Amino acid sequence: MIERTLILIKPDAVQRGIAGEILARFERTGLKIVGIKMVKASQELAKKHYTDALIPIVGNKTKKDWDAAGIKHTETPEQIGTMIVNSIRQMLTNHPVIALCLEGIQAVENVRKIVGSTGCKDALPGTIRGDYGHVSLGYASIKKRGIANLIHASGNPQEAQQEITLWFAPHELQTYKSAHDEHILHLNDW
Ligand code: CDP
Ligand code: MG
C-alpha cells in the first residue's frame, strides 16, 4: 500500500512563485518527499512524458468541454488532441518544472485527490487546481493552447512507475524515515 508517485509543478506554477505553497500542501498531509529537482525537459523527455497515447484522451476530454459550453467546431478529437499535446510538450521544453517523487500510503490516489480535476474551472475548492486556477479546458483550447493547470500527477500506479523512471535516476531517490513513518510503524503500541 505504500506507493511512490510523480508530480510536476508545472511552468505556470513555477513562474507564479507558488511552488513552495503547492509543495507544502503535500507535505502537510504526511506525504514524504523522496525526490526533488528542477528540470527543463528535452524534446525527447517531453515526448516520452506526454506520449501519443494521450492524444485521443485529451481530444475527447476537450471535445466534451467544448460541447458542454456550446462551442461549435469542426475538428475531430484526434485533431484537437494533437494540437493540445503539441502545445503542452512545447510548454515543458520552454520552461523549467519542479519534479517531485512523493511517497505515502496509496500516494497515487491521494495525490490526485489533492490536485483536483484537469480543468481548473471544474476542480473543487480545496484542491490545488480549484484553489489556484480558474481556466477551463474549453477556454484554453479555443485559444489553441494547453491549459495552465499548475500541476501534473501520475494517474495510476503503473503510470507512476513509468513516470518516476522517466524523470528520476535511481540514485536521485532517497529512502529515510519521516515522523509519519514513525507514527505508522508504532501504531501497534498505541
Ligand atoms: O493532468 P490530468 O491527468 O488531470 O489530465 P490528462 O487528461 O491526463 O491530460 C494531461 C494534460 O493535458 C493536462 O493536465 C493538461 O496539461 C493538458 N490538457 C490541456 O492542456 N488542455 C486540454 N484541453 C486537455 C488536456
Ligand atoms: Mg493524466
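Surface patches are made of residues with over 30% relative accessible area and no salt bridge, nonpolar side chains (Val, Leu, Ile, Met, Phe, Trp, Tyr) being joined within 5 Å. A salt bridge is a side-chain nitrogen of Lys or Arg within 4 Å of a carboxyl oxygen of Asp or Glu. Accessible areas come from the Shrake-Rupley method with a 1.4 Å probe. The model is predicted, and its local features need pLDDT of at least 70. Residues are numbered from 1 along each chain as its sequence is written.

Met1, Ile2, Ile105 and Ile184 make a nonpolar surface patch of about 420 Å². Methionine 1 lies in the segment before β1 (2-9), strands being DSSP runs of E of at least two residues and helices runs of H or I of at least four. Methionine 1 counts as exposed (over 50% relative accessible area) because its relative accessibility is 71%.

A pocket is an open set of points on a 1 Å grid, with protein on both sides within 12 Å along at least five of seven lines; lining residues have an atom within 4 Å of a point. The second largest pocket holds about 190 Å³ of space. Of its 13 lining residues, Gly30, Glu103, Gly104, Ile105 and Ile184 are the closest to the centre. Two or more residues of this lining come from each of β3 (97-105) and α10 (179-185).

The largest pocket contains about 740 Å³ of space. Its lining comprises 33 residues, with Tyr50, Leu54, Val58, His152 and Glu159 nearest the centre. Among the elements that each supply at least two lining residues are α4 (54-68), β4 (151-153) and α9 (157-167).

Methods: Chains lettered and ligands numbered in written order. Predicted model: local features only at pLDDT ≥ 70, side-chain atom pairs only at ≥ 80, totals over all residues. Heavy atoms only, no water. 1 Å grid on protein atoms, 1.4 Å probe; cavity = no way out; pocket = protein on both sides within 12 Å on 5 of 7 lines; lining within 4 Å. Points joined across faces, edges and corners; volume = space filled by probe spheres on them. Patch = residues over 30% accessible without salt bridge, like charges linked within 9 Å, V, L, I, M, F, W, Y side chains within 5 Å. Buried < 20%, exposed > 50% of the residue type's maximum accessible area, 1.4 Å probe, protein only.
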